[in-house]
Amino acid sequence: MLDSNEVFNNKYFILNKRLLMVNFIWPYQKKHIKKFVNTFIVVAIHTMMIPQLIRSVFEWQLEEKNIEILVENFTGFFYFQLTLSKYYMSIYLEKKLLKLYQQITHDWRGLQDDNEQAVLLRSWNIGRALTIFYMGYMFTACIIFVTSPSAVPLMLDLILPLNESRGVNLCYYAEYFIDQQKYFIYLLLHTFICVSFTILILVAVDSTFVSIVFHAVGLYNILEYRMRNVSRFVEDYQNNKFLSKEELHKYVVDSVKLHKKIIEFSRVYLLLISYYEIILLVTWSFGTFSEIVRRIYNDCFFFVTVAVLICLSVGTIDLVVNLNNPINFIRVGFVWLGIILYTFFISWPGQKLINCNYDLFNTAYACGWYGCPTKTKYLIKFMMMRCTVPCILTAGPLLTMDLVTTGNILRTAFSYCTVVASFS
């Protein structure tokens, strides 16, 4: 069996591995410990979600309802569902994700050319940079969101003191059936721990998804590199420079096999998400990797995309409601920006994968295929035909994970903001 630690211990994937280990969703951890910690994390998140729901029910029963409380708790409920869906998916699909990690290790071992390794490492480095940026912003937003309702009043008491201390509050509205001011420190600690769990889950799952997709992008870049080499080989073949048509054909066949591997990789990844098949042509080889990814995450991301649309729409309304409350506006604003960042973060890799198909088509078309032997010429033609059907990552049967979908989500959310602002 391939040991995924070989690749995931390098600087490009070590952060993803550690995040998965912190959440106990790394496949190589001990099962009995993982089950215990998984249960503890799920229960901890529910200890924050249930008091919110109770407070929302109490608020709904009042004659004069506080819209801000209902809106924020509604958004919070969908945020918790989004987080838990990702966590459940990672636990349920652990064995299939393990095969995916092993495939990445196998791909790396199979590269013997230094230039091809450099191409793949450049793509891995982009995934690593996105992981660091995403983690940095999410934890910064977490700290500001949790501490601002209590830290700002304390700071104002020191800078602009009043006759009595300003009240401190939790970052969310909940009903614990206790005196929240008396036990504020304990409740704040509980809140910080639970919110940190949700952030760790989001960062671990999302960053691993992005890193894996950029591995597929790196494989596409390697294939483009090989197609550019074909142009030089065709010239050597035509000039009879010690290159036989069998050697040229073998090089193209290896490239087609790589194309098949990439398509299958993406297909298996998505199989962990949905279980419907895609019609593949001869060059489905390179798309293998992409199809694996797509199957793994398909259904999960459909639910997540719907939840993101609801959270962003309701969060935009909450932002407008708090225009006259600077503390809440800043607190909600960081969460709102985080949702926008998230939509871009999970959609951009899908867009890159789509672009790689068209880039590969252009590179294959310009490689001088018409000068190849007949059987080699047809192989390259089939590859170009397959590139016209791009490898895409989908969220359910309706949504494609690309920048167009992201733009539609943002446009819909902002339209709600405009409507609410016109009535306020």
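**View 1. Helices H3 and H4 are roughly antiparallel to each other in this predicted model.** The two helices, H3 at residues 31–61 and H4 at residues 67–92, pack at an angle of about 160°, and because an angle over 145 degrees counts as roughly antiparallel, the pair falls in that class. Their axes lie 10 Å apart, and H3 passes H4 in a left-handed crossing. Sorted by class, the residues in the contact of H3 with H4 comprise 16 nonpolar, 7 polar and 2 charged.

**View 2. Helix H6 packs against helix H10.** The axes of H6 (residues 114–159) and H10 come within 9 Å and cross at roughly 165°, and the two helices are therefore roughly antiparallel to each other. The crossing, in which H6 passes H10, is left-handed. On the H6 side the contact includes Phe133, Tyr134, Tyr137 and Phe145, while on the H10 side it includes Arg331, Phe334, Tyr342, Phe345 and Trp348. Divided by class, the residues of the contact of H6 with H10 are 18 nonpolar, 2 polar and 1 charged.

**View 3. Helix H10 also meets helix H11.** H10, which spans residues 326–365, and H11, which spans residues 374–387, pack at an angle of about 155° with their axes 9 Å apart, and that angle makes H10 roughly antiparallel to H11. H10 passes H11 in a left-handed crossing. From H10, the residues Asn357, Leu360, Phe361, Ala364 and Tyr365 take part, and they meet Ile380, Met384 and Cys387 in H11. By class, this contact of H10 with H11 has 7 nonpolar residues and 1 polar residue, with no charged residues.

**View 4. Two stretches of the chain carry the UniProt feature "transmembrane region".** The UniProt record, an unreviewed entry, places this feature at several stretches, including residues 183–205 and residues 328–348. In the model, residues 183–205 are 96% helix and 0% strand, and the C-alpha atoms at the two ends of this stretch are 34 Å apart. Residues 328–348, for their part, are 100% helix and 0% strand, with 30 Å between the end C-alpha atoms. Among the other stretches to which the record gives the feature are residues 36–54, residues 74–93 and residues 132–156.

Key:
Residues numbered from 1 in each chain as written. Predicted model: local features only at pLDDT ≥ 70, side-chain atom pairs only at ≥ 80, totals over all residues. Heavy atoms only, no water. Axes fitted to C-alpha atoms, helices over the stretch in contact; angles between N-to-C directions. Helix = DSSP H or I, 4+ residues; strand = E, 2+ residues; numbered from the N terminus. Parallel < 35°, antiparallel > 145°, perpendicular 65-115°, else oblique. Left-handed = near helix turned anticlockwise from the far one by under 90°. Contact = heavy atoms within 4.5 Å. Nonpolar A, V, L, I, M, F, W, Y, C, P; charged D, E, K, R; others polar. UniProt positions renumbered as here; feature names shortened; annotations may be inferred.
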